[in-house]
Amino acid sequence: MTSSLTYQWLFVRLSRRFSLAFLTIAVAWLIVAFPWTLERVAPAVSTWRPPRAAAVWEALHLPVLLEASATLALAAAGLLAALWGATAFYRILPPRSVRWHRPPGPASRPPGSLPDRPLGRYERIGIVLAGGGAKGAYQAGALSAIHDFLVEREAIGRVKAIAGTSIGAWNACFWLAGRIGGEDSICRAWWSRIRLSEVVAPTYWVPARRNFVLSADPWRRAFRTLFEDDPEARRRLLRAMAEPDAPGSARFYFTRTNVERAHLEFSTNRESLEDVENATGRRRPLVPPDRWTRTRSLADLREAVFASMDLPPLFEHVRIGDELFEDGGVIDNLPIYFGTGIEKCDLLFVLPLNASFTARADVYRILQRLERVMAIRQGALERKALKDVYLYNELAALREAAGGSTASAETSTSPSGSAEAMREAAERTITERALARVHRPVQIFAVCPDEPLLIDTIEFWKTEEAGRAFRLMREYTRYELEGFDFDEPPGWIRMALIGPQGEVRYLEDF
């Protein structure tokens, strides 16, 4: 975060309750308390001498240096005290919440199903949601359009999986809670009327003792209001966690980054992650057991979402058990693997947020340079995830063309995960492993906001722009869905990039 954006967050966009309290305390300190304190401290500091080195002390002019250091330290301590005092005032008297959280009745089904295009050839539909902070307003609009599109075509029950990273995990909760579809959805209201004070609050920052600057407590309260206090949302979420494979439910995967072990972990409502592995055709655990946790309660779900959204260095590490976690986008910002390698979906709706990330290079400022490097990295991770789909589909097509079979895997008697099973898999040739694959090619529908953006990653104060971004992507995603040929076999991936005025261009270079 740049210094100018830090100023925007803390003293302009957060709340006048905080900024005015900070300025009042700081001015009172600098004008009244600081001179009074300095008058008493400075003489004591300037006259102090070490017992055995007084002459050297004087010769090096260290009394002047010590007095100047004490003056600066007092000024800094006063500003830190002003920060703490303003934080305490803000927390005791927080801003009034906006009225986005009124729970509606159950969402009504849009009229007019279209039997001529029912998406009948697809059995397993998945949704993949990237991270991107406040750019999630774009993603939420596209997700809303996809929801209504599938409802109209009587295909909503075939959504078997939804994987999200960072803000994608937050938006996924609206889908799972049934609060995403329709013109007046709660999801649209949240993104169209949210304020920065509904997301973050100042915290008691201590130099060199705390590596985060803001608290996500307001956002956690919003989660409880939206998904725990609303009876219908609560019922849907509890059912999704208790019965992930029941009709109308979907398996979810919310990723996070293990700070110490530096690998990707996730929370899911699946009871078991043992399935047919694509690479070997055998039944075995798809991921190591220490890489995932089973989500069973709303408290578990809340921790899973906020571990996935733990954007450094804004928020404190989320602790699950005895381990610390960062934002899931640190390692994988577009978790397509859950829709392909884990769930073996045959249709994926992929909603990146960093596919278009061209910008002028800043050759003068360090923070802008670091910020630019992070933007490039996130975009590159998303393109790499889409590029991997080509390999996934090509392997499936080659296996089919070669007449591959899983008979050898199905007739094996070695227990899944045993040493014998691992030895059998290792002894297979590359060709045998390729022919034993069981997945089918996956169709990809992808849409992403294009530059210049109406709202960027940390600009949660842009309420009006967030609402516009939601409406823009909802409208033009629907247009792209109507024009997409779902009857064509999976082929070349083409991502629609939606510009701020609704202009559309297509990206095929991954």
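Me: In which strand does Leu 324 lie?
Reply: The model is a predicted one. The strand that holds Leu 324 spans residues 323-327. That strand is β11.

Me: How far apart in space are Leu 324 and Glu 260, C-alpha to C-alpha?
Reply: In sequence, Leu 324 and Glu 260 are 64 residues apart. Leaving aside neighbours within four places, Leu 324 is in contact with Thr 257, Asn 258 and Val 259, among others. From C-alpha to C-alpha, Leu 324 and Glu 260 are separated by 7.2 Å.

Me: Among contacts between residues at least 6 apart in sequence, what percentage joins residues at least 24 apart?
Reply: The protein chain holds 16 helices and 15 strands. Of its 510 residues, 51% are buried. For contacts between residues at least 6 apart in sequence, the share that joins residues at least 24 apart is 76%.

Me: Is Ala 163 buried or exposed?
Reply: Ala 163 belongs to strand β2. Not counting residues up to four places away in sequence, Ala 163 touches Ile 127, Val 128, Leu 129, Tyr 253, Pro 335 and Phe 338. Its relative accessible area is 3%, and the cut-off for burial is under 20%, so Ala 163 is buried.

Me: What distance separates the C-alpha atoms of Ala 163 and Val 350?
Reply: Along the chain, Ala 163 and Val 350 are 187 residues apart. Between their C-alpha atoms the separation is 9.7 Å.

Me: Which elements do the buried residues of α16 pack against?
Reply: Helix α16 has 21 residues and reaches 31 Å from its first C-alpha to its last, close to the 30 Å expected. Its buried residues include Ala 466, Gly 467, Ala 469, Phe 470, Leu 472 and Met 473. Arg 474, Thr 477, Glu 480 and Leu 481 are also buried in α16. The buried residues of α16 pack against α5, α7, β12, β13, β14 and β15.

Me: How many residues of the contact of α7 with α16 are charged?
Reply: On the α7 side are Cys 187, Arg 188, Trp 191, Ser 192 and Arg 193. They meet Thr 463, Ala 466, Gly 467, Phe 470, Arg 471 and Arg 474 in α16. By class, the contact has four nonpolar residues and three polar ones, and the number charged is four.

Me: How are α8 and α9 oriented to each other?
Reply: Helix α8 has 12 residues and reaches 15 Å, close to the 16 Å expected. The axes of α8 and α9 are 6 Å apart, at an angle of about 90°. That angle makes α8 and α9 roughly perpendicular.

Me: How many charged residues does the contact of α8 with α9 have?
Reply: Leu 226, Phe 227 and Glu 228 in α8 meet Ala 233, Arg 234 and Leu 237 in α9. The contact has four nonpolar residues and no polar ones, and its charged residues number two. Leu 226, Phe 227 and Glu 228 are also among the buried residues of α8, and another of these is Trp 219.

Me: How many disulfides does the count come to?
Reply: Cys 187 is buried, with a relative accessible area of 0%. Cys 448 is likewise buried, at 0% relative accessibility. A disulfide requires two cysteine sulfur atoms within 2.5 Å. By this rule the number of disulfides is zero.

Me: Is Glu 154, with its positive phi, buried or exposed?
Reply: Glu 154 is found in the loop between α5 and β2. Its phi is near 55°, a positive value in a residue other than glycine. Most residues other than glycine have a negative phi. With a relative accessible area of 53%, Glu 154 is exposed.

Me: What is the phi of Ala 262?
Reply: Ala 262 sits in the loop between β5 and β6. At 58% relative accessibility, Ala 262 counts as exposed. Although Ala 262 is not a glycine, its phi is positive, at about 60°.

Me: What is the omega of the peptide bond from Glu 451 to Pro 452?
Reply: Pro 452 is placed in the loop between β13 and α16. Most peptide bonds are trans. The bond from Glu 451 to Pro 452 is cis, with omega near -5°.

Conventions
Residues are numbered from 1 along each chain as its sequence is written. This is a predicted model: local features need pLDDT of at least 70, side-chain atom pairs count only at pLDDT 80 or more; totals for chains, interfaces and linings use all residues. Side-chain values use heavy atoms; hydrogens and water are left out. Helices (H or I, at least four residues) and strands (E, at least two) are DSSP runs, numbered from the N terminus. The expected span of a helix is 1.5 Å times one less than its number of residues. Buried means under 20% relative accessible area, exposed over 50%, partly exposed in between (1.4 Å probe, protein chains only). Contact means heavy atoms within 4.5 Å. Ala, Val, Leu, Ile, Met, Phe, Trp, Tyr, Cys and Pro count as nonpolar, Asp, Glu, Lys and Arg as charged, and the others, Gly among them, as polar. Axes are lines fitted to C-alpha atoms, for helices over the stretch in contact, and angles run from 0 to 180 degrees between N-to-C directions. Angles under 35 degrees count as roughly parallel, over 145 as roughly antiparallel, 65 to 115 as roughly perpendicular and the rest as oblique.
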